[in-house]
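Colleague: Could you walk me through how to read the features of a model like this? I would like the general idea each time, then the case in hand.

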Amino acid sequence: MVEKRINELRALLEYHSRKYYVEDSPEIPDYEYDALYRELQALEKEHPEFDSPTSPTKRVGGAVLDKFEKVTHTVQMQSLQDVFSKEELISAINKMGAESYAVEYKIDGLSVSLEYENGVFVRGSTRGDGVIGEDITENLKTVNAIPLTLSSPVPFIEVRGEVYMPKSVFHELNRIREENGEQLMANPRNAAAGSLRQLDSKITASRKLSIFVFNIQQITGGPTLNSHIESLKYLSSLGFRVSPDCRTFSSAEEIFDDIQRRGENREELSFDIDGAVIKVDDFGKREELGELTNVPKWAVAYKYPPEEKPTVLRSITIQVGRTGVLTPNANFDTIRLAGTNVSRATLHNKDFIAERDIREGDTIIVRKAGEIIPEVLYVDKSKRPEGSVPYSFPALCPSCGEKVFVSDEESAIRCTNSSCPAQLHRSIAHFASRDALNIDGLGPAIVDTLIKNNIISSIADLYTLKAEDIASLEGLGEKSAKKLLDAVEASKKLCLSKLLFGLGINHIGEKSAHTLAKKYKTIDALAIAEFDDLCMTEDFGEILAKSVVDFFSHESTKELIVALKCAGVNTEYISTEVSSKFEGMTIVVTGTLNTMSRSEAEKCITDNGGKAAGSVSKKTSFVLAGSDAGSKLTKAQSLGIKVVNEDEFLEMLK
């Protein structure tokens, strides 16, 4: 009965996933899909004997690689010859001399190969140089529009497609990155390419990529196909999301008109394009035309020229992100670019402004990076008004009035005031996160609700929350209030290292927070630590030392620590070391372990007095290697460093 239900759920989820991601015609609401998904997830966890590599639950990612293996393409993944004008297009079409041509969008993404054996997805790879690519199978499994099994299996088929990041996903990612003070992604194509080449497939899964499949590279045992249009229909029947709006034409004029139509309407598309592809539709004619070394003679790509326009920069304003980073923004006279009105663009940081010598009143040249994000290219200095002066960043935070922190080592200028209103939401959400104070039930949405209702205005206010205040809020109740208050109470007893990480000190992660807590023992001792002494801390340097000194120099930080102490929050180091088995040892963990995660193995190392390092060197005592270990294992072997497997490691802990 259990196996039957698991198979039913998998079939249902595959069906509805196809309806949503491939056909764009969902039949059930998201919450119903999520309920089916959670049921399957629970059953698979309880019954691992029914595990399947093609289950919909495998799309969340989880494989962490040291590197990507090389793949030699049996069929070369060629590029296309580009044309940039009507004259060049007509010339190319005349050379091809076909009766019918297929015209489709040139999706701006990353070209990949997908291989299926007996209808099951077995390998996915990047184009690379066309001959040799990289194996990114685990990452491609996280792309929901890629079927893990085909609806009509054939012995073997390899298809080619373009993985891309939808515009809406790109905008949301950049919004979050800007709020967190992170560098913005330049365009959807770079974002998609970077997401696919993540060694951790969970990161790829979080990027919500999609794909359009547009070509059959090779096939065994399939039907006879005579044209491109036929092949797209066949690919669609197998479950692939195929190249959209593909049309056929017989004359160059018709083709050019269609290309212009696509260009004029590209702002309305949910995906980014950088041109149109024109292909001979008939496969027999393609065979006759043949190919050059790396491009086919039967296809060309028409590339749209980037649109650049001048405008006058009226002002530079500062936005404070949730990590305290001050981001300058250009406000200029409205211009129309790539189909939309534009009057604002980010100037990123102080180095960006200094390198281009951007001043208020300048005439600037603006374009849309990847046809999406407005960017300032350069200044037309011939039109610079007399008396203009170089731009200077404010010395005080525009949100809270505190002095900002300027570092020679990075471009970012920061407000490090823990009570800065612009950072409040992010600071509290981080403080409550699992790796910090682990206040279960206090996610970003609840934090936002508490702030909007003026129930909390600082981290310390979490420890004065009352059940009636929480229970009265929309979407919450007595049970939620009790759960939250219990978690707040439990957080008081955690180690100083958790508190230091939760305070969100710039550059201080979990490991450095643990190092500081272990060395200084109390938050009071750390608060008065000298810069030179901090620099002598293990794995510390001037940047981290400056961050700590600057953080504890604020009056608001001192007030926060007093408030936390009064609330009963522990501010002392609690040793968790159970032995000194690995005292003085530096140990590197690599590969996939069976009984524990890599982070759990590293915790075992530090709990037993050792140091968990991220890279192999001559100082490495030994390497713990799981399955699929890569470059770290190779380096350890070349240096003659001891390598142990998981069983040997567990034996050491006894």
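This is a predicted model: local features need pLDDT of at least 70, side-chain atom pairs count only at pLDDT 80 or more; totals for chains, interfaces and linings use all residues.

Colleague: What phi does Asn454 have, positive or negative?

Modeller: Most residues other than glycine have a negative phi. Asn454 is not a glycine, yet its phi is positive, about 55°. Asn454 lies in the loop between H13 and helix H14 (467-471); helices (H or I, at least four residues) and strands (E, at least two) are DSSP runs, numbered from the N terminus. Lys208 also has a positive phi of about 55° without being a glycine. Lys208 sits in the loop between helix H7 (201-206) and strand S8 (210-220), and at 58% relative accessibility Lys208 counts as exposed.

Colleague: Now the sheets. In what order do the strands of the open sheet of 5 strands come?

Modeller: Two strands pair if DSSP finds at least two bridges between them. Here the order is S2-S11-S10-S3-S9, with mixed pairing. Strand S2 (81-83) and strand S9 (247-249) are the edge strands, each pairing on one side only. On average, neighbouring strands of this sheet are turned by 35° against each other, direction ignored; axes are lines fitted to C-alpha atoms, for helices over the stretch in contact, and angles run from 0 to 180 degrees between N-to-C directions.

Colleague: Which helix packs on that sheet?

Modeller: Helix H3 (residues 86-96) does, touching S2, S3, strand S10 (273-280) and strand S11 (299-303). Contact means heavy atoms within 4.5 Å. The direction of H3 makes about 170° with that of S11.

Colleague: How many residues of S3 are buried?

Modeller: S3 is mostly covered, with 7 of its 7 residues buried. As for its partners, 3 bridges join strand S3 (residues 101-107) to S9 in an antiparallel run. Across that pair, Tyr101 stands opposite Phe249 in S9, and Val103 stands opposite Arg247 in S9. S3 and S10 also pair in the antiparallel sense, over 6 bridges, with Ala102 opposite Lys279 in S10.

Colleague: How should I read the crossing of H3 and H9?

Modeller: Take the angle before the hand. Angles under 35 degrees count as roughly parallel, over 145 as roughly antiparallel, 65 to 115 as roughly perpendicular and the rest as oblique. The axes of H3 and helix H9 (residues 252-264) come within 10 Å and cross at roughly 135°, so H3 and H9 are oblique to each other. For the hand, a crossing is left-handed if the near helix is turned anticlockwise from the far one by less than a right angle, and right-handed if clockwise. H3 passes H9 in a right-handed crossing.

Colleague: Which residues of H3 and H9 meet there?

Modeller: Lys86, Leu89, Ile90 and Ile93 in H3 meet Ala252, Glu253, Ile255, Phe256 and Ile259 in H9. By class, the residues of this contact divide into 7 nonpolar, no polar and 2 charged. Ala, Val, Leu, Ile, Met, Phe, Trp, Tyr, Cys and Pro count as nonpolar, Asp, Glu, Lys and Arg as charged, and the others, Gly among them, as polar.

Colleague: What is the pairing in the open sheet of 4 strands?

Modeller: The pairing there is parallel, in the order S20-S19-S21-S22. S20 and strand S22 (642-644) stand at the edges with a single partner strand each, so one side of each is left without a neighbour in the sheet. The twist averages 30° from one strand to the next. S21 and S22 run parallel, joined by 3 bridges, and Val623 stands opposite Val643 in S22.

Colleague: And which residues are buried in helix H22 (residues 598-607)?

Modeller: Ala601, Glu602, Ile605 and Asp607 are buried in H22. Their cover includes helix H17 (510-520), strand S19 (586-590) and helix H24 (646-653). Just after H22, Gly609 takes a positive phi of about 90°.

Notes
Residues are numbered from 1 along each chain as its sequence is written. Side-chain values use heavy atoms; hydrogens and water are left out. Buried means under 20% relative accessible area, exposed over 50%, partly exposed in between (1.4 Å probe, protein chains only).
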